[in-house]
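Hi everyone, thanks for coming along. Let me put the model up on the screen, and then we can walk through it together.

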Amino acid sequence: MTHKPPYTIAEIGGNHKGDMEIAKEMIKIAAIFCKVDAVKFQKRHNIELLTKEQYKAPHPNPVNSYGDTYGAHREFLEFDVDQHKELKDYCEQMGVTYSTSVWDTTSAKEIASLSPDFIKIPSACNNHYEMLGWLCENYTGEIHCSTGMTTKEEIEQLVQFFEKYKRGKDLVLYNCTSGYPVPFEDVCLLDITTLIEKYKDRVKHIGFSGHHLGIAVDVAAYTLGAPIIERHYTLDRTWKGTDHSASLEPAGMRKLARDLRAVYKALTHKAQDILPIEQVQRDKLKYRKN
């Protein structure tokens with residue numbers, strides 16, 4: 001297997017707490033300190049996405065809520081399209097790629113208008129074929145789809161849908177288990193090899209979106225053949241919100257990006273039996289008959 005260079009995505013999501021200054025600080029730290037390749041936000045049109053009952057219901061975990069209802073909570077964390085444009089411009093200043101996960105057709109249209117390099121589809125929406133069809137017809141960049149809480153049959157249907165639009169080679173499938181955080185025994189890394197075996201000639205890449213703890217699993221995912229590694233990212237794992245506990249703080253994200261680059265350099269065969277670095281030691285240490 002020839003390994004592609006790693007591509008590390010720091011998913012900010014809603015971990016900015018609805019504050020543009022925090023969002024920009026997260027971008028700056030991700031770009032300069034963590035040295036990731038991309039940061040990713042989320043975009044929801046909550047009135048379209050939620051039923052009236054869901055919108056007006058209390059947050060299922062009130063300690064994490066930023067509003068009196070789930071709808072108010074979601075609106076508090078939401079940036080409008082002009083703010084996303086500002087964030088994209090700031091990413092370009094910082095030298096890091098901007099992207100966003102979209103949860104509904106309105107959000108997909110708004111984010112597509114910004115022409116990001118790629119748009120992400122979360123596991124919850126990979127069967128939202130109205131939205132996916134609009135993107136296939138109107139958006140020319142890569143479309144990345146997570147496969148958490150999705151059956152093998154549904155993944156096949158998803159790939160066939162993109163192939164129908166002749167967009168299969170713009171599709172990136174992510175191995176993913178939907179949970180926050182996910183215990184190691186439920187990460188199911190070997191599904192990466194299953195996706196590669198089935199889809200390597202039909203899609204652009206296989207990626208990995210992890211919600212586990214630590215960074216060892218991500219290095220293994222890369223070694224198994226998933227060059228695109230996405231992890232939730234926060235400035236403080238103790239902050240209020242659902243995703244913070246399964247996120248990496250800056251030091252962890254920096255180590256992840258560093259380790260992935262190191263492993264990429266190491267995944268080679270020897271170009272010759274005795275490397276130049278070894279020859280010095282061979283001349284000094286190798287046993288010789290008298």
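Let's begin with E142 and K204, whose side chains meet in a salt bridge at 2.8 Å, N to O. By salt bridge I mean a side-chain nitrogen of Lys or Arg within 4 Å of a carboxyl oxygen of Asp or Glu. E142 lies in strand 5 (residues 142–146) and K204 in the loop between helix 9 and strand 7, so the pair ties together parts that are 62 residues apart in sequence. Helices (H or I, at least four residues) and strands (E, at least two) are DSSP runs, numbered from the N terminus. K204 itself counts as partly exposed, at 37% relative accessibility. On that scale, buried means under 20% relative accessible area, exposed over 50%, and partly exposed in between, with a 1.4 Å probe and protein chains only.

Before going on, a word on the source: this is a predicted model, where local features need pLDDT of at least 70, side-chain atom pairs count only at pLDDT 80 or more, and totals for chains, interfaces and linings use all residues. Residues are numbered from 1 along each chain as its sequence is written, and side-chain values use heavy atoms, with hydrogens and water left out.

How many salt bridges does a search of the whole structure find? It finds 16. One of them joins K43 to E110, with the closest N and O atoms 3.3 Å apart. This pair links distant parts of the chain, as K43 is in strand 2 (residues 38–43) and E110 in helix 6 (residues 105–112), 67 residues apart. Is K43 buried or exposed? K43 counts as buried, at 5% relative accessibility, while E110 is partly exposed at 23%.

Another bridge, between E92 and K88, comes in at 2.9 Å, N to O. The two are 4 residues apart in helix 5 (residues 81–94), which means about one helical turn between them. K88 is buried, with a relative accessible area of 13%.

Now for helix 10 (residues 216–223), please. Its buried residues are V217, D218, V219, A221 and Y222. Their cover includes helix 9 (191–199), strand 7 (205–210), strand 8 (228–232) and helix 11. Just after helix 10, G225 takes a positive phi of about 120°.

Last stop: P58, in the loop between helix 3 (52–56) and helix 4 (70–76). P58 counts as exposed, at 61% relative accessibility. Leaving aside neighbours within four places in sequence, P58 is in contact with D68, T69 and Y70, where contact means heavy atoms within 4.5 Å.
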